[in-house]
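Please keep the sequence and the coordinates at hand while reading.

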Amino acid sequence: MSDVKEKAIEIIKNYDGPHIRMMEVCGTHTHEIFRLGVRKILPPQVELISGPGCPVCVTGPGFIDEAVWLALNKGVTICTFGDLVRVPGTEDSLATARGKGARVKVVYSPTDAADYAAEHPEEEIVFLSVGFETTTPSSCLAVKSAIDRGLKNFSLLVSNKTMPGAYNMLNGSADVFLYPGHVNAIAGNALCKKLAENGVSGVVTGFTAAEILSAIAIALTKFKEGKAFFVNAYPRVVKDEGNVQAQEITDKFMEACDTEWRGLGIIPLSGLKLRDEYADYDARRKFGIPVMKGRTNPACRCGDVLQGRCRPVDCPLFGKACTPIHPVGACMVSGEGACSAYYQYNI
Amino acid sequence: MCVGLPARVMKINDGHAVIDASGAQKEISTELLSDLEPGDYVMVHAGIAIAKIGSDDMTEADEVLGTLM
Amino acid sequence: MNDRITLAHGAGGTQTAELIDRVFKAHFSNPQFTADDAAVLETEAGKLAFSTDGFIVSPAFFPGGNIGKLSICGTVNDLSCMGARPLYLSCAFVIEEGFEMAKLEEIAAAMEKTAAQAGVRIVAGDTKVAGKGQVDGLFITTTGIGRIREGVSTSGAYAKPGDKVIVSGDIGRHGCTILLARNEFGIEADVTSDCAPLWANVEAMMDTTNDIHVIRDATRGGVGTVLYEIAEQSKVGIRLNTGSIPVQDGVRGVCGMLGLEPLYLACEGRLVIFAPADKADAIVAALRACPNSENAAVIGEVTDEMPGHVILRTEIGAETMLSRPTGELLPRIC
C-alpha cells in the first residue's frame, strides 16, 4: 500500500477523540466506502452514516409511475440511466413495463438521448432526468442540443434535486459531513463554508481510496480540535468558485421548486424544473401527465435509512422480502443505495 | 451518482473531445470547460467533462494531509 | 451455387447435398466424417467425457473470432475441463434464409482451423434452414466426446481449504469485445476476444501433476460466477487477492466507463483452476509456457471460513465480499 494511504489509515486508527457521527451524502461515496471496506478500519467511536445522496433512492414511486404512464399510454420511448430501470413504482417498474410493451432504452448520458431522438424522428423520446448538481448540467445540455437541432420529439421528465435543502434538513444528524466532491466541483464551496460559519463541519471528499481515507483522517483530526471547520480535501478537482459555465447553464434552463424526496417528505425549493420558456421540452406539460403521488410499501424504511436514522439491517424487509433481485424500495435497487451496498458487500 | 471517470484528452473537436481512460476511448462533451488542450486530464460525468484535474490523487492526498502538520 | 442460403438448402435434396459438399465437407473432411446417418467410432477403453453447447452470439463476427471458432472452443474446453482429450465433435447448424454464403464459408473455415488446433475431428453434422426472421442469422450446436486421462478426476465439488486459485490469463476480454462490437455506447478500445481452444494448456498442466481438483472454463458470467459456483458446490470460502487478478488496460478502461466489474464479464478462453498449494507454482509455469495462457496467475486461495462466500482483500487492506452476480449482464454473449 502507498505511503499516503498508510499515513491516513494510521491517523484514523489512532483517533482517540470523542464519539463522532460522520455522514456521507453521496451515493457514489456509499458504494465506494462499502467496496473498499472502510468501516472495517474505523475505531469503535467513529460512526459512518449514509445519507440521502443517491438520486435514484430519493426519487419517489410517483416518478416511475409517470414514466410508465408515458410509455404505455402515449407510446413514448423512455431513455434513462440504467439505475432507474428496476426501481419499483406503485405497480410496475420500467423493467416489468417492458414486458407490457414499453420501450425503454438505457443511455450513458442525457445527450445520447437527444442524439437518439435526432436519429429516430418517428419516435417520441422522453429522458428521465434525475440527479443532483453534478448531473443536472448534462440534462440542460441535452435540451440545448435538442433546441439547436430543432428537435420536436425530445423532452425531459424532471426530478432533479439540489443539496442545500437536504443539508438544512440533515442539520443535527451528524457531527461532520463528507461532502460529495463532484457536487462541489460544479457548485463551488461557498455554501459549505457558510455552513461551517454556522457551526456545521464538513470536508469536501474525492472518490479514490487515497482521497476518501485522507478526508476521513482530516475530519477526525479537526473534530478533535473542537471548532466547526471546513476543508477542501479534493482540491485537484474542486475549485472554490466551482464550474461557472455549468452553474450558468443550469440557471438558464431550470429554476427551483418544492419537491418530494422519497421517505423525507417535501423539502422546499430543493427541486428543479424547466423554466416556462422551455415548456415544450418538459414532458409533464407536453403530454399532460396526470398528477401521480405513488404508493410505497408501508413496511419499507427507505426514508429512515436515507436520513441515517436506521441501518439497512434494521428494516424488517431487508434481506427477506427486499433483495437486489426482488427490491421493494429504491435503496435496494440502485447500485449506490445503502441497502444494496450493505447487502452485496457486507460480511 | 457522482461517479466520475478521470480521463486524458486526446483530441479536441469543437465542443467535444475524444478522451482516453486506461485504453478505452470515447467522445464526450466539453461544453462546460474552456481552454482544454490535448494531454490535459478531465473528470467525466454522464458523458460530460465537468472539471480539469490538477494532479494525481496520491500527490493531492499528501498535500492535503500535510496541512494537518 | 447461390450467394445466399435459401430454404431449398435445408430441404434435404440436391441443394442440401451441394451445400454440405461445397461448404461443410470441404472444410471438415477427415476419415471419420460420415456420409451416413451416424459416424462410427472406435475408442480405447476408459472413461469418456461428453458435452454439448449451443451458440447464438451476436454479432456473429467479432474481433478475435466468430461464432464458428467459438462453437469449437466451447465444447473442446468443456471436455478439457474434465481432463479429457477432445476426440470427436458433431455440429448442427440452424441457418436463417438469406444468410450470405461467403460468411458461412468463413465460419466453416474458422471451425476447420480451430478444430485442427485443438486436435479434434468433426465427424457428423446437420443443417436446417429456417425462414427469414425465424432465427437470427446462424445458430450452432456442437457436441463432443473426449477420453479422460488416467488418474485425473476434477469436479466443482473437489475444492479443498488450502488450495490455490489460478486463472489462466487476463479476464473479461470476450464480454468486453462483444459489448464494444455492439457499439451501443460509442466506446472504442483495443480489446479482442480471448476465445481459444485450451486442451494443450490442460494437458501441459496435467503433465506436471494429476492432483488438480477443479478445472472450469469461465464463460457467461465470467470468473466471478465460477468462483461463486465452486464456493457453493465445494462448500468452501474463497479469498481473492484483487491486486493479482490480471486485467488488460482496455478492459479496465471500459469497465471504469460503464461501472462494470471485470470479474463478471464473459471469457471464452480462460480456465479457473483449484489445486493444492504445493502444485500451484508448477501449474502456473506450465501454463505460462503455452499460447493463450501466458498471463496465468495465482489469484487467491480456498479457506474453510465463510463457506459459499468469495472474500476480497481491498486496496486499503480491509476484507469485503465480492458482490454476487445478479443476472444477465449482456444477452447473447456466446
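Of the 69 residues of chain B, 51% are classed as buried, a residue being buried if 20 or more other C-beta atoms lie within 10 Å of its own, exposed if 12 or fewer and partly exposed in between, with C-beta atoms placed from the backbone. The model is predicted: local features need pLDDT of at least 70 and side-chain atom pairs count only at pLDDT 80 or more, whereas totals for chains, interfaces and linings use all residues. Residues are numbered from 1 along each chain as its sequence is written, while chains are lettered from A and ligands numbered from 1 in the order in which they are written.

Chain B contains one helix and five strands, these being DSSP runs numbered from the N terminus (H or I, at least four residues, for helices; E, at least two, for strands). Along the sequence, their order is β-β-β-β-β-α. The C-alpha trace of chain B spans about 45 × 25 × 25 Å along its principal axes. Among the contacts in chain B with a separation of 6 or more, 30% join residues 24 or more positions apart; two residues are in contact if their C-beta atoms, placed from the backbone, lie within 7 Å.

Chain B also meets chain A, where 25 residues of chain B are in contact with 42 residues of chain A. On the side of chain A that touches chain B, H10(A) gives the most, with six residues. By class, that side has 20 nonpolar, 17 polar and five charged residues; Ala, Val, Leu, Ile, Met, Phe, Trp, Tyr, Cys and Pro count as nonpolar, Asp, Glu, Lys and Arg as charged, and the others, Gly among them, as polar.

Chain A is also in contact with chain C, through 20 residues of chain A and 14 residues of chain C. The side of chain C that touches chain A comprises five nonpolar, six polar and three charged residues.

Within chain A, the axes of helix H2 (residues 27–36) and helix H15 (residues 338–345) come within 9 Å and cross at roughly 10°. Axes are lines fitted to C-alpha atoms, for helices over the stretch in contact, and angles run from 0 to 180 degrees between N-to-C directions. H2(A) and H15(A) are therefore roughly parallel to each other, the term for angles under 35 degrees, as against over 145 for roughly antiparallel, 65 to 115 for roughly perpendicular and the rest for oblique. A:Thr30, A:His31, A:Phe34 and A:Arg35 of H2(A) make the contact with A:Ala338, A:Ala341, A:Tyr342 and A:Tyr345 of H15(A).
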